[in-house]
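Open the model in a viewer with the sequence panel beside it. The stops below say what to select next and what is there.

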Amino acid sequence: KLFGPYSKTVTPEMARLAGKAESKGIPITPSEATKARSLDITERTMEDLPFTAGVFQRTGLQARGGIQRLAEEVKSQVGPKVSREVTGIQTTQAIEGSAKGFKAKAKSLYDKVSTLAGNKAGKVDNFVSTIDSILEKESSLPGGLKESAAINRLNSILSDVKPKPSIILQPSGKPFPSSKNVESIGQTYEQMRQIRSKVRELGASKDIIGTSEEGIFKRLESAIDKDMTDFAELQGGTLLADFRTASKFYKSGKGVLDGKSISAIRRVAVESPEKVVSIIIRPLNPTPVKILKSVVGDTNMVPIKRQFLDDLFAKSTTYPSGETEGVIIGGTLLKNLNNYGDDVLKELFSQEELSSIMDLAKISNISLSAVKASMPRTGSSPLGTIGLIGASTGGAFVGGPSGALAGGIGLAVGSNVLARAILSRAGRKYLSTGYFGGVEKSFIPRTIPYAGRSGLSEE
């Protein structure tokens, strides 16, 4: 009679979760399935009765074991566990491997354009005029050329190009002619590529990063890019289309690999590999995850996902007093998941993985009362209060009113009255706080020395 009225309050989602929980060996009690406070009070009361004592504690222990097994199953679904250091090292290797693959792909695309271009030549006027501009600026400074290292590097740019263009670059301190009056020699597309490769190679030298010379090489790269684009547009047709494809691929890939996110991940993965997960997965910011996944692919994200999940579960675990094996608290796990936001979680995990994680959190949250019943108990039982209520309404109470019920004997008689009290809002308040209609009943204070005011308020 007591449980029947609540059966219709179980939602389809709750029924699904309860079914999954049962299949994993996690029992769900009626009060957990319905979230009915009155059933919860009844279940707690039954725990202290002589014929049902220990039932809910055993149920809670079973739930704890099932939750831990389900958590291990979810982690295995995401991937195998590796150490933080190994996660950082594998991330570095994945990025480097992707960078090599990117360069090889870009080269094959540009090789295709070179084949189509053959020996057709084009001017490198943009490149020549940019060098003129740089040389004139440096020569106008007091004391002559100030960027002597830059001039020497510029001189080396064309050293491997055949035929060599008529651009004469002098070492620092020596006069040099302007190349404005020198007609630039036509270069084949492949020779333009060699010039650009040399510019990029020198521009990437560690000793010029962050100096004014870095800006010089960026200007030169843009200039030769413009000459190559002009050449492709002049040819038109398939060559132009293939050139645009190659250029788009290179610029987009280079932008990602040299961007802030990948650069930061690379640096941390090398310097402090154990911290790499925290710089990739950030609350409410899916961008680093999205960028890294685009570079290394889903397979290489597995160690990162697993490490994150291990940390998340650890932060959501509590250890009962005196116990070494913890239990995941569903409400805490849901809160920690929510802190990262749906966008981050959906970017990081597959739909199946995320569903499994959320189900674990919800099932653990649903079974919280049973899990608590398995933990060492503190405070007092409400049964002393309930026994006195039964006696005051024509029932009989046998046994001591303390929380432990001395000798394990205690029984509230007059259950029809008790059932009505539990089902009544005022009755539940009466049982929980000892108040009815704002007036404290005279016999309630007599239960306080036995049950304790804190025990009464908690229940």
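Select D225, which is in helix 9 (residues 212-235); helices (H or I, at least four residues) and strands (E, at least two) are DSSP runs, numbered from the N terminus. The model is predicted, so local features need pLDDT of at least 70 and side-chain atom pairs count only at pLDDT 80 or more, while totals for chains, interfaces and linings use all residues. Residues are numbered from 1 along each chain as its sequence is written, and side-chain values use heavy atoms, with hydrogens and water left out.

Is D225 buried or exposed? D225 has a relative accessible area of 14% and is therefore buried (buried means under 20% relative accessible area, exposed over 50%, partly exposed in between, with a 1.4 Å probe and protein chains only). Now show what surrounds D225: leaving aside its neighbours within four places in sequence, D225 is in contact with R196 and R200. Contact means heavy atoms within 4.5 Å.

**Helix 8 against helix 9**

The axes of helix 8 and helix 9 cross at roughly 165° and come within 9 Å. Axes are lines fitted to C-alpha atoms, for helices over the stretch in contact, and angles run from 0 to 180 degrees between N-to-C directions. Helix 8 is therefore roughly antiparallel to helix 9 (angles under 35 degrees count as roughly parallel, over 145 as roughly antiparallel, 65 to 115 as roughly perpendicular and the rest as oblique). The crossing of the two is left-handed, that is, the near helix is turned anticlockwise from the far one by less than a right angle, with clockwise for right-handed.

To see the contact, select Y189, M192, R193, I195, R196, V199, R200, L202 and G203 in helix 8, and F217, L220, E221, I224, D225, D227, M228 and F231 in helix 9. By class, the contact of helix 8 with helix 9 has 10 nonpolar, one polar and six charged residues. Ala, Val, Leu, Ile, Met, Phe, Trp, Tyr, Cys and Pro count as nonpolar, Asp, Glu, Lys and Arg as charged, and the others, Gly among them, as polar.

**Y189 and F243**

The structure holds seven aromatic pairs; rings of Phe, Tyr and Trp (its six-membered ring) pair if their centres lie within 6.5 Å, and planes under 30 degrees apart count as stacked, over 60 as edge-to-face and the rest as tilted. The ring centres of Y189 and F243 are 6.2 Å apart and the planes are at 80°, so the pair is edge-to-face. Y189 lies in helix 8 (residues 189-203) and F243 in helix 10, so the pair ties together parts that are 54 residues apart in sequence. Y189 is buried, with a relative accessible area of 0%. F243 counts as buried too, at 4% relative accessibility.

**Helix 10 against helix 5**

The contact of helix 5 with helix 10 divides by class into 14 nonpolar, four polar and four charged residues. Colour F102, Y110, F249 and Y250, which form one aromatic cluster.

**V82**

Go to V82, in the loop between helix 4 (55-78) and helix 5. V82 is partly exposed, with a relative accessible area of 24%. Apart from neighbours within four places in sequence, V82 is in contact with T87, Q90, P303 and Q307. A C-alpha distance from V82 to I304 gives 9.3 Å, across 222 residues along the chain.

**Helix 1 and helix 17**

Select helix 1 (residues 12-23) and helix 17 (residues 351-366), whose axes come within 10 Å and cross at roughly 90°. The two are therefore roughly perpendicular to each other. Helix 1 contributes E13, M14, R16, L17, K20 and A21 to the contact, and helix 17 contributes S356, D359, K362, I363 and I366.

**L284**

The last stop is L284, in the loop between helix 12 (276-280) and helix 13 (287-296). Phi of L284 is near 60°, a positive value in a residue other than glycine. Most residues other than glycine have a negative phi. L284 counts as exposed, at 65% relative accessibility.
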